[in-house]
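Have a look at the picture, then go through the points below.

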Amino acid sequence: MALFKGTQQQYYDNSKTFTGDGSTTAYVLGFSPAPVLESDIEVFVNSTEQNSNTYAYSSGTLTFNTAPANGALILVRQLNNENQLGNYQYVSIDDLANNFRVAYVGEGKIISKVKIPDINFHIQRAIQEFSYDTLKSEKSQEIELPPSLKIKLPHDYVNYVQFSWKDAAGIERIIYPARKTSNPTAILQDADYKYIFDNDNTLLKSFESETWKDFKANSDNDNTVENVSGPDVDATLAEGRRYGLTPEHAQFNGLFFIDNTRGYVFFSSDLNGKIITIKYISDNLGTEDEMKVHKFAEEAIYKYVAHAILAARVNTPEYVVARFKKERRAAIRQAKLRLSNLKIEEINLIMKNKSKIIKH
């Protein structure tokens, strides 16, 4: 069975063509995923765009009010469908489960029988673990920083890779973490410094701490990467006064810190109004569309699942578990090498460093 689904015309142009016979009015489009609304498609007959009043669309079927003439060329183009671009390099979770059952489960195979939910669970665990250090699972969001100087963590956030802001040339300027401040839980107190409780005898808390308020109010706005002529710049960069300078603080790109409890990222005030880019790691289990694996790591998934199932079973010989543990480790290492995407020409160019010739 062919792995490529649909037609090449559908992939490149998001379109399908039909030929009218003078009597047929309904045509099944076969788009995957199918357009939801009638406004998601354009219809042309003999290169002339048709008014939406001349046809109706519902559940993947296009129905004309009047049958197109015999021999008429009908072209249906799907709008705003780029979800399938590049998908051939991935394997879906359903295909992974089916392939695993074919290769490893059955009479005379290493696993005689196993429940389908067990396979699906271990595949999802494998995708989750691989997303952290093997698969290319980095995601990003671009947000304009509001005057509150805080933004919400992405809904599928696990850990951050980099925070940066965009300058006028489109270059991303790295923002470094503020390690000596935070937004601690602020307990409300009365005039006698006693804790304040609500009607349920629960401590009342303030959303913003005094620490955060002072940090937000006192962040330096003068010395930024765009304005290095502030009154303290000469003193800061004066010869002989940089001894002991911490390298991560030798920049004017601003600071941030993350409040994982409340789910916010806080920024220094010199970044107010700038376009912030968040690059972060997810576990690729947030939606059904995310649950896919690059073909370079497909074999590693199978080895991971096989080892997980065998290791959890009673009476499995230890030499079998040890064998699949070694095969799993080797498959993961191979997947990392493949996904590192190293090209000898690019390495050569970098190592030559423009004018330094390296014999090869």
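Which residues does F44 touch, not counting residues up to four places away in sequence?

1. F44 touches E49, Q50, L73, I74, L75 and R77, with those close sequence neighbours left out (contact means heavy atoms within 4.5 Å). This is a predicted model, where local features need pLDDT of at least 70 and side-chain atom pairs count only at pLDDT 80 or more, while totals for chains, interfaces and linings use all residues. Residues are numbered from 1 along each chain as its sequence is written, and side-chain values use heavy atoms, with hydrogens and water left out.

2. Staying with F44: you'll find F44 in strand β3, residues 41-45 (strands are DSSP runs of E, at least two residues, and helices are runs of H or I, at least four, numbered from the N terminus). F44 is buried, with a relative accessible area of 15%; buried means under 20%, using a 1.4 Å probe and protein chains only. Between the C-alpha atoms of F44 and L75 there are 5.1 Å, although the two are 31 residues apart along the chain.

3. Next, strand β11 (residues 159-166). Six bridges tie β11 to the antiparallel strand β17 (residues 275-281), and S164 has T277 of β17 as its bridge partner. Strands pair if DSSP finds at least two bridges between them.

4. β11 also runs antiparallel to β12 (residues 172-177), with four bridges joining them. There, F163 stands opposite I175. The hairpin of these two strands has five residues between them, and G170 takes a positive phi near 80°.

5. Now the helices. α2 (residues 93-104) packs on α3 (residues 116-133) at about 120°, with axes 10 Å apart; axes are lines fitted to C-alpha atoms over the stretch in contact, and angles run from 0 to 180 degrees between N-to-C directions. That makes α2 oblique to α3, oblique being whatever is left once under 35 degrees (roughly parallel), over 145 (roughly antiparallel) and 65 to 115 (roughly perpendicular) are taken out. On the α2 side the contact is made by I93, L96, A97, F100 and R101, and on the α3 side by I116, I119, N120, I123 and Q124.

6. α3 packs on α6 (residues 298-312) too, at about 125° and with axes 9 Å apart. α3 and α6 are therefore oblique to each other. Among the α3 residues meeting α6 are I119, I123 and F130, and the α6 residues include Y304 and I309.

Notes: Buried means under 20% relative accessible area, exposed over 50%, partly exposed in between (1.4 Å probe, protein chains only).
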